[in-house]
Amino acid sequence: VIGLRAEEKKLIKGFSGGMMVHAGYVSGSDYPGVPSIDINALTYGVGGVAKLHLTKHFRAGFEGYFSTLGLKKDLVKGSHNKLFWTGVLADWYWKAGRFYPYVGATVGGGMETAYYMFEGDSHDWLPEVNAVFNKQPFFAVDPFVGCDIAVGEALRLTVKADWLMAIRKTGLNRPQGPRIYFGFIFAH
């Protein structure tokens, strides 16, 4: 098309990526065959994201995270629930001065690893009779909302909130809840 600038002709308008730490609060339990566990606890973790800027407002890419839930209530110290998930993402963003608010979703998969000790000691190297271990995959749908804040030519701080929906054969996985992310994003 005659008259288009070189920037408008480019398929990829730019890229961005970085690392984030997160913390959140999850609750709920629905594990068949496991004694009643009421999970209401903090979760924390780390991960990263990479995005291609395809239009002035649309980005696509991938992200992946680990999240650990340390359990103490009703369980022996050392019990835990760990999630890993990754997937492709798409988000819609806009610019408001130095702020870049965005909304989007990630679709992919992950793995939940749960280890619950109901008695014993996690540090003695002895077999534990009253404990359960379970590892299962899930389909991940993770809607999110956030904002990048430009602090230089290529550096942005980011804050993001999400609600991971880990879907398995028996339905929506528990525990679940919101997570808040903080991190550094490098953009070009």
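Predicted model: local features only at pLDDT ≥ 70, side-chain atom pairs only at ≥ 80, totals over all residues.
**View 1. The whole chain, for orientation.**
The chain has one helix and ten strands. Helices (H or I, at least four residues) and strands (E, at least two) are DSSP runs, numbered from the N terminus. Starting at the N terminus, the order is α-β-β-β-β-β-β-β-β-β-β. The radius of gyration is 20 Å, well over the 16 Å that the globule rule gives for 188 residues, so the chain is more spread out than a compact globule. (That radius is taken over C-alpha atoms, and the rule is 2.2 Å times the number of residues to the power 0.38.) Along the principal axes, the C-alpha atoms fill a box of roughly 75 × 35 × 25 Å. Buried residues make up 40% of the 188; here buried means under 20% relative accessible area, exposed over 50%, and partly exposed in between (1.4 Å probe, protein chains only). Take the contacts between residues at least 6 apart in sequence: 62% of them join residues at least 24 apart. A contact is a pair of heavy atoms within 4.5 Å.

**View 2. A nonpolar patch on the surface.**
Six side chains meet here: Met-19, Val-21, Val-46, Val-159, Ile-180 and Phe-182, with about 500 Å² of accessible area together. Patches take residues with over 30% relative accessible area and no salt bridge, joining like charges within 9 Å and nonpolar side chains (Val, Leu, Ile, Met, Phe, Trp, Tyr) within 5 Å. The areas come from the Shrake-Rupley method with a 1.4 Å probe, and for residues only the protein chains shown count as cover. Strands β1 (14-27) and β10 (178-187) each supply at least two of the patch residues. Val-21 sits in β1 and is partly exposed, at a relative accessible area of 46%.

**View 3. Lys-51 and its neighbours.**
Is Lys-51 buried or exposed? Its relative accessible area is 9%, so Lys-51 counts as buried. Its side chain makes a polar contact with the side chain of Asp-91, at 2.8 Å. (A polar contact is a pair of N or O atoms within 3.5 Å; within protein, one must be able to donate a hydrogen and the other to accept it, and residues adjacent in sequence count only if both atoms are side-chain atoms.) Leaving out residues up to four places away in sequence, Lys-51 touches several others, including Phe-15, Arg-59, Leu-89 and Tyr-102.

Side chains of opposite charge can pair when their charged atoms come close. The whole structure holds five salt bridges, each a side-chain nitrogen of Lys or Arg within 4 Å of a carboxyl oxygen of Asp or Glu. In one of them, Asp-148 pairs with Arg-59, with the closest N and O atoms 3.6 Å apart. Asp-148 is in strand β6 (residues 131-150) and Arg-59 in strand β3 (residues 58-70), so this pair ties together parts that are 89 residues apart in sequence. Both Asp-148 and Arg-59 are buried.

Glu-63 and Lys-160 form another bridge, 2.9 Å from N to O. Glu-63 is buried at 2% relative accessible area, and Lys-160 is buried at 4%.

Arg-168 and Glu-112 pair up too, with their closest N and O atoms 4.0 Å apart. Salt bridges with shared partners also join Lys-51, Arg-59, Asp-91 and Asp-148 into one network.

**View 4. Arg-179 in strand β10.**
Arg-179 lies in strand β10 and is buried, with a relative accessible area of 4%. Which side chain does the side chain of Arg-179 make a polar contact with? That partner is Ser-67, at 3.2 Å. Beyond residues up to four places away in sequence, Arg-179 touches a list of residues, among them His-22, Thr-43, Trp-85, Lys-160 and Leu-164. Tyr-93 is 86 residues from Arg-179 in sequence and 20 Å from it in space, C-alpha to C-alpha.

Terms used. Residues numbered from 1 in each chain as written. Heavy atoms only, no water.
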